[in-house]
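Hi,

Here is the structure you asked for. My notes follow below it.

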Amino acid sequence: MSHLPDPGGREADWDGAPLFLVRKGRDVRCYVNICPHAGRALSLPDGRVFVHKGDHIICPVHGATFALLSGACTGGPAGDPLTAIPVRIEADDIFAA
């Protein structure tokens with residue numbers, strides 16, 4: 001978990017789907033790395049996820065915003081929430097649950 005910026009996010013390595021992790025303090029969430037508006041990646045080309053003021057994920061393509069901890073759409077063209085993936089934390093490691 002210490003490899004994630006606080007607050008912030010990064011792409012996650014998983015073979016099943018494109019994912020990213022976000023963190024705020026001890027809270028960590030995992031979402032499918034696809035914006036529900038246009039199907040584009042929410043991560044930036046370098047793997048970072050744009051987190052604004054520690055509370056919102058911003059889509060770099062059309063500017064849709066999502067609540068960091070719930071994935072709910074909070075503005076812009078998306079409308080639908082992000083698809084969450086349950087995670088568990090063991091020591092400093094994060095695993096899909």
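The side chain of Asn33 makes a polar contact with the side chain of Ser43, at 2.9 Å. A polar contact here is a pair of N or O atoms within 3.5 Å; within protein, one must be able to donate a hydrogen and the other to accept it, and residues adjacent in sequence count only if both atoms are side-chain atoms. The Asn33 side chain also reaches the backbone nitrogen of Leu42, at 2.8 Å.

This is a predicted model: local features need pLDDT of at least 70, side-chain atom pairs count only at pLDDT 80 or more, and totals for chains, interfaces and linings use all residues. Residues are numbered from 1 along each chain as its sequence is written, and side-chain values use heavy atoms, with hydrogens and water left out.

Back to Asn33. Its place is the loop between strand E3 (27–32) and strand E4 (48–49). Strands are DSSP runs of at least two residues, numbered from the N terminus. Asn33 counts as buried because its relative accessibility is 6%; buried means under 20% relative accessible area (1.4 Å probe, protein chains only). Beyond its neighbours within four places in sequence, Asn33 is in contact with residues including Glu11, Pro18, Phe20 and Arg40. Contact means heavy atoms within 4.5 Å.

Now the sheets. Two strands pair if DSSP finds at least two bridges between them. Strand E1 (residues 8–12) and E4 are joined over two bridges, and Gly9 has Val49 as its bridge partner in E4.

Another open sheet has four strands, ordered E5-E6-E7-E8, again with antiparallel pairing. E5 (51–52) and E8 (73–75) each have a single partner strand, so one side of each is left without a neighbour in the sheet. Two bridges join E5 to E6 (residues 56–58). Val51 is partnered with Ile57 in E6.

There is also a hairpin. Four bridges join E10 (residues 87–90) to E11 (residues 93–96), which run antiparallel. Two residues lie between these strands, and Ala91 takes a positive phi near 60°.

Last, the cores. A nonpolar core is a set of buried Ala, Val, Leu, Ile, Met, Phe, Trp, Tyr and Cys residues joined through side-chain atoms within 4.5 Å. The largest has 14 residues; Phe20, Leu42, Ile57 and Leu82 are among those that touch the most other members. A second, separate core of nine residues includes Leu19 and Ile94.

Best wishes

Technical notes: Buried means under 20% relative accessible area, exposed over 50%, partly exposed in between (1.4 Å probe, protein chains only).
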